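The following questions and answers go through one protein model. Please look at the sequence and the structure first.

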Amino acid sequence: MTSRQTCIDRDAADPLGRARARFSLPEGVIYLDGNSLGALPVAAAAAVRQAVERQWGQDLIASWNTHGWIGLPQRVGGKIARLIGASADEVVAADSVSVNLFKLAAAAVGARPGRPVVLTEAGDFPTDLYILQGLAGMMPDVELRVVEPGGIEAALDERTAVVLLSHVHYRSGAVRDMAGLSAAIRAVGAISLWDLSHSAGVLDVDLNRYGADLAAGCGYKYLNGGPGAPAYLFVAKRHQAALRNPLSGWMGHARPFDFVDDYAPAPGIDRWLCGTPPILSLTALDAALDAFDGVEMAAARAKAGALGDLFIERVEARCAGRGLALASPREAAARGGQVSFRHPHGWAVMQNLIARGVIGDFRSPDVIRFGFAPLYVRHVDVRDAVEILGEILDSESWRDARFQTVAAVT
Ligand SMILES: Cc1ncc(COP(=O)(O)O)c(C=O)c1O
């Protein structure tokens, strides 16, 4: 059984331990929700202050050129590229994940004429399903096929145009076999589209080695870009010339400042931009990504896995018989950065935990999620969090009326 002192010793020997100082974390809080909203990097706060006061406040519109605002989507994309196994010119920061999935899925359908099927799995993140429903609704020739979990390979055929899947499942944290599925999708002539929201910044994602075609992901989870941070998208080099962005806005034009009437897509990744980039949000994400300087993603994944293993071990020892059931893969290799448990009163238990300074989150109907962002969560945090969880479950303090009201955002 792992003692508190063992956890302290592991933290002292942790090669990623120094990265924690790059974050501003409130005293007395154990933050286990970096899979939902990453913590604030110290450098991001400073960079946004400088962008507001100096760049916007003093240098005004000249900053598009003098401070390089116009190239920020590509520069941020280049930093994300290293974390996901892509080349810098295959990634750009833009829009939200939802919008990027729409752009990429529509482009993939356009690139596979005569293939009507857009394929995905039931129970994936709702926005992914909703976006495909919207796409099928506006394109009468497109047929959305939603298969039960595990059913993708059997459903692939010569009618399939594109397959959208999350790399890591938002609820269970289960990792999909990106290499195997991308190969199977390619073998039938279809295009793979991956949602990396729960894997970038915590796993050693390697898009090009895995043969992925397209991808999109969140800037505000493990990348720590702040609430509503811009998302990003990836288009493998081999697809860049053929795929067309259906949202053909001026920022994706080959020469936006020629102001001509006809759209001509920019070569390369730039065509995936649509409108004016959100400079303040991109500034935060740009600085936040520097927290990964010197961090090898394989080491980050190993640490997140070890923290998750420790959490499972401690919960099963300390909270046995208290109504919790593991809802994530037990093997670290099969998990992303989170561990989920089911509890019949999960919402109230999580509210009680938050009131005690342990922040995770809840997914309807009964899942409580705990994220182990490897850059700032320590082994001792995991141990202490489980001790508090144990106290809450032993005393049933979660039954208190103040923990029962469900908030707008869970
Ligand atoms: C897997 C996944 N995809 C997409 C999103 C949200 O994307 P958007 O940037 O459109 O809000 C989330 C948010 O939690 C997510 O978990």
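Q: Which residue forms a salt bridge with Asp 290?
A: This is a predicted model. Side chains of opposite charge can pair when their charged atoms come close. For Asp 290, the closest N and O atoms of the pair are 2.8 Å apart, and the partner is Lys 79.

Q: How many residues apart are Asp 290 and Lys 79?
A: Asp 290 sits in the loop between α11 (279-289) and α12, while Lys 79 belongs to helix α4 (residues 72-84). The salt bridge between Asp 290 and Lys 79 therefore links distant parts of the chain, and the separation is 211 residues.

Q: How many salt bridges does a search of the whole structure find?
A: A pair counts if a side-chain nitrogen of Lys or Arg is within 4 Å of a carboxyl oxygen of Asp or Glu. With a search of the whole structure, the total is 27.

Q: Which side chains meet in a salt bridge at 3.1 Å, N to O?
A: The chain is divided into domain 1 (4-40 + 295-403) and domain 2 (68-292). The count between domain 1 and domain 2 is one salt bridge. The side chains that meet at 3.1 Å, N to O, are Arg 301 and Asp 204.

Q: Which element gives the most to the side of domain 1 that touches domain 2?
A: Across the interface, 17 residue pairs are in polar contact, both residues being at pLDDT 80 or more. On the side of domain 1, the elements that give two or more residues are α12 (297-318), β12 (338-342) and β15 (367-371). With five residues, the one that gives the most is α12.

Q: What is the area buried between domain 1 and domain 2?
A: The C-alpha centres of the two domains lie 29 Å apart. The contact takes 33 residues from domain 1 and 24 residues from domain 2. Carbon and sulfur atoms give 54% of the buried area, which is about 2,200 Å².

Q: Which residue has a polar side-chain atom 2.7 Å from a nitrogen atom of the ligand?
A: The residues around the ligand include Ser 96, Phe 125, Asp 128, Asp 195, His 198, Tyr 220 and Lys 221. A polar contact needs N or O atoms within 3.5 Å. At 2.7 Å from a ligand nitrogen, the residue is Asp 195.

Q: How far is an N or O atom in the side chain of Tyr 220 from an oxygen atom of the ligand?
A: In the side chain of His 198, an N or O atom is 2.8 Å from an oxygen atom of the ligand. For Tyr 220, the corresponding distance to a ligand oxygen is 3.2 Å.

Technical notes. Residues are numbered from 1 along each chain as its sequence is written. This is a predicted model: local features need pLDDT of at least 70, side-chain atom pairs count only at pLDDT 80 or more; totals for chains, interfaces and linings use all residues. Side-chain values use heavy atoms; hydrogens and water are left out. Domain bounds come from an automatic or database domain assignment. Contact means heavy atoms within 4.5 Å. Buried area is the accessible area (1.4 Å probe) that two parts lose on being put together, summed over both. A polar contact is a pair of N or O atoms within 3.5 Å; within protein, one must be able to donate a hydrogen and the other to accept it, and residues adjacent in sequence count only if both atoms are side-chain atoms. Helices (H or I, at least four residues) and strands (E, at least two) are DSSP runs, numbered from the N terminus. A residue is near a molecule or strand if one of its heavy atoms lies within 4 Å of it.
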